[in-house]
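Hello,

I am passing this structure on to you. Please have a look at it, then read my notes below.

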Amino acid sequence: MAKHKTHFEDCDVLVVGGGMAGTGAAFEARHWGRDLKIICVEKANIDRSGAVAQGLYAINCYMGMQWNENQPEDHVRYARNDLMGMVREDLGYDMARHVDSTVHMFDEWGLPMMKNEKTGRYLREGKWQIMIHGESYKPIVAEAAKKSADKIYNRIMITHLLMDETKENRVGGAVGFNMRTGDYYVFRAKTVIVAAGGASHIFKPRAVGEGMGRTWYAPWSNGSAYALPIAVGAKMTQMENRIVLCRFKDGYGPVGAYFLHLKTYTQNANGENYEKKWYDHTKKMVGEYIDHHPTPTCLRNHAFIQETMAGGGPIQMVTTEAFQDPHLETVGWENFLGMTVGQAVVWASQNIDPKYTNPELTTSEPYVMGSHATCSGAWVSGPEDLSPPEYFWGYNRMLTVEGLFGAGDTVGGSAHKFSSGSFTEGRLAAKAAVKYIEDQKAENINVSDKQCENFKKIIYKPLENYTVGRNEITGGTVSPSYISPIQGLQRLQRIMDEYVGGIATNYMTNGNMLKRGLELLEWLQEDLENVGAEDYHQLMRAWELKHRALTSQCVTEHTMFREETRWPGYYYRGDHLKLDDENWHCLTVSRRDPKTGKFTLEKVPVYHIVDEKEKKKAS
Amino acid sequence: MSTFVYMTRCDGCGHCVDICPSDIMHIDETIRRAKNIEPNFCWECYSCVKACPNHAIDVRGYADFAPMGHSVRVRREEEKGTISWKIKFRNGTIKDFVSPITTKPWGKFIPKLAEAEKPDQGEIRSQILYNEPEGLNTKKELPTVSKASFKKGVYY
């Protein structure tokens with residue numbers, strides 16, 4: 001243990017994670033807190049970290065208020081409809097009213113925005129999306145964070161939050177280790193903004209072996225956004241609301257530009273529009289929600305899954321018409337090269353030229369996140385002017401732990417933020433954190449050496465597990481005393497896949513399966529005390545796994561609690577196969593007691609702060 | 001796909017190690033060159049390929065679903081502000097694409113807020129963020145919703 005040097009860093013604002021939300025937080029914190037010490041800690045290198053590491057070809061959340069294209073209340077209606085009614089409208093409205101100023105800054109900073117030649121406005125891909133040449137999106141915003149923070153620490157994985165020992169339920173910082181040097185880092189902080197990533201790889205992915213990393217969401221997004229707050233007893237919301245993506249097969253290349261801009265469309269193997277076929281069937285499950293416009297994403301997934309199970313596959317995207325236009329063909333390819341290069345590789349390897357071949361689509365394994373078309377995450381306070389009493393406790397984006405803030409994937413309830421909205425939410429959280437400090441709410445924080453030493457022992461234990469266990473055996477990967485991070489991960493993925501609604505069961509689960517899943521997860525948690533790491537890289541994988549496992553427990557508890565099928569196409573409760581507005585038109589909120597590890601769940605009212613404009617008929 | 005490194009081109013400079021978001025590019029201590037230590041955690045994000053000054057890193061489609069004989073090569077030129085791609089199909093078809101990566105000299109138009117004008121007193125208690133409401137370009141105040149319109153529970 002002595003070989004791991006301890007570094008202490010005291011600061012005012014600690015940003016955990018330097019992705020879109022974290023860079024936004026570091027930037028805005030400096031504006032409001034000129035003399036504050038602002039530190040950002042990133043697991044990788046902020047120039048290429050987070051979900052936007054490889055770039056983006058569109059900004060999916062832009063109102064265009066300056067041209068009266070959309071207003072924040074329109075976005076609330078859109079996100080609410082897509083999530084079958086279940087969002088935090090105060091958070092969504094708040095993000096939407098600020099997001100344009102974020103996008104205008106990106107333009108000013110040098111992010112190449114495509115323009116509509118006739119109007120001079122940003123080129124729309126769809127109602128909410130604008131098109132960009134965003135290969136360098138992340139390095140550009142990282143530059144803003146680097147210019148703002150006092151220090152950026154790369155290659156440090158934050159494993160735990162520290163708690164203040166003076167005042168109950170107040171955060172005191174965070175700890176982690178440097179995966180290059182192995183050194184231990186203690187960040188004592190007045191406020192902490194968790195801006196870490198959502199969770200890929202908690203459900204078994206379709207790809208196996210070498211291709212395992214080809215998940216839709218980045219494999220380095222390991223659920224720290226959830227595990228860090230869950231571990232200190234922060235309340236979480238809508239964790240059952242996992243997302244399944246309908247994407248191009250194998251590469252999970254994006255379909256947004258194809259549907260919206262290139263006007264391609266889907267068909268079954270016989271060339272039929274299969275979505276219509278499943279209308280009556282879906283109506284029986286969800287009632288009038290199937291008539292909403294646009295059709296909620298989960299319900300389109302539902303038709304895809306039903307059609308595939310009925311033998312209508314493979315489902316194809318009809319590209320051969322649009323791709324005859326050379327400009328649209330270029331857009332189609334560059335769309336991948338700018339954000340999902342892997343899809344271009346798959347098509348090149350399989351000789352799929354979408355000009356002549358209609359490529360196949362698939363539905364992905366489930367993911368848990370708070371920034372895309374889904375809203376799992378922490379239960380946070382909204383802004384003072386928009387939030388009803390149940391949603392407001394003093395500071396915007398503050399969790400139910402004092403001084404602990406969230407942004408991006410961390411924040412639950414505010415769906416459809418995407419990259420620009422996550423950056424914006426980081427800005428909102430940072431301003432509130434500075435105000436919290438100015439209001440002298442962060443005085444006399446005490447984090448004892450004992451607390452720090454205790455975490456140090458816990459963090460490095462996987463190295464010791466390996467060293468001791470390895471001496472028992474001659475070689476190989478099989479030990480009676482430890483499991484490796486990859487072995488543990490594959491066990492987690494099978495439990496989630498088979499019991500909690502993964503691809504193995506076509507997203508089906510029920511109360512009995514979930515109960516069994518929770519038992520198996522409990523044993524996995526116990527065994528993770530014995531995870532063995534050969535080196536610091538594996539130590540990182542070990543802690544990623546622990547964060548994924550804790551996230552998974554929370555997801556499973558939530559899935560068990562909501563006794564309805566709210567989002568067919570994302571998952572099904574076979575014992576409650578219908579949407580049930582009478583009993584479940586509400587948000588679910590959980591809390592894990594840090595002392596006992598037991599979860600308690602409750603229903604919380606969903607406020608509709610924006611009315612429904614007018615009833616629109618489904619197209 | 002997963003990345004691999006050509007023996008004769010890599011000089012062990014470590015740019016790929018420094019940038020890889022998944023921490024899977026490491027220097028092999030025996031041959032003193034980079035290698036992918038964990039292909040099954042590669043997202044094919046091309047960060048390392050773009051960062052390599054010797055173009056020593058390439059990608060071979062994932063073994064579990066990609067037939068061999070293809071390639072997707074890239075050259076990212078920061079000073080020119082462009083990125084160029086060459087896609088080669090298994091059947092030999094070639095496609096080339098070039099896109100801009102920035103419109104401004106690198107980093108020059110990103111403000112250093114510590115030196116910028118300070119926010120007005122009291123603004124910390126408002127709802128506005130940096131450069132708002134001006135930065136919204138609406139010539140209006142930041143929008144809000146009257147609390148009188150809130151409705152609890154089922155609305156639809």
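In what order do the three strands of the open sheet in chain B lie? The order is S5-S6-S7, and the pairing is antiparallel. Bear in mind that this is a predicted model.

The sheet has two edge strands in chain B: S5 (71–77) and S7 (94–100). Each of them pairs on one side only. On average, neighbouring strands are turned by 10 degrees against each other, direction ignored.

Now the pairing of S6 with S7. Strand S6 of chain B covers residues 82–88. Seven bridges join S6(B) to S7(B), and the two run antiparallel. Within this pairing, Thr82(B) stands opposite Pro100(B) of S7(B).

Chain A meets this sheet with helices. Helix H10 of chain A (residues 326–339) lies across S6 and S7 of chain B. H10(A) runs at about 70 degrees to S7(B). Helix H11 of chain A (residues 341–349) packs on the sheet too, touching S5 and S6 of chain B. The direction of H11(A) makes about 145 degrees with that of S5(B).

Next, the whole contact between the chains. Chain A gives 84 residues and chain B gives 72 residues. Several elements of chain A give two or more residues to the side that touches chain B, among them H10, H11, helix H12 (418–438), helix H16 (536–561) and strand S20 (607–608). The largest share of that side comes from H3(A), with nine residues. By class, the side of chain A that touches chain B has 35 nonpolar, 26 polar and 23 charged residues.

Best wishes

Conventions:
Residues numbered from 1 in each chain as written. Chains lettered and ligands numbered in written order. Predicted model: local features only at pLDDT ≥ 70, side-chain atom pairs only at ≥ 80, totals over all residues. Pairing = 2+ DSSP bridges. Helix = DSSP H or I, 4+ residues; strand = E, 2+ residues; numbered from the N terminus. Axes fitted to C-alpha atoms, helices over the stretch in contact; angles between N-to-C directions. Contact = placed C-beta atoms within 7 Å. Nonpolar A, V, L, I, M, F, W, Y, C, P; charged D, E, K, R; others polar.
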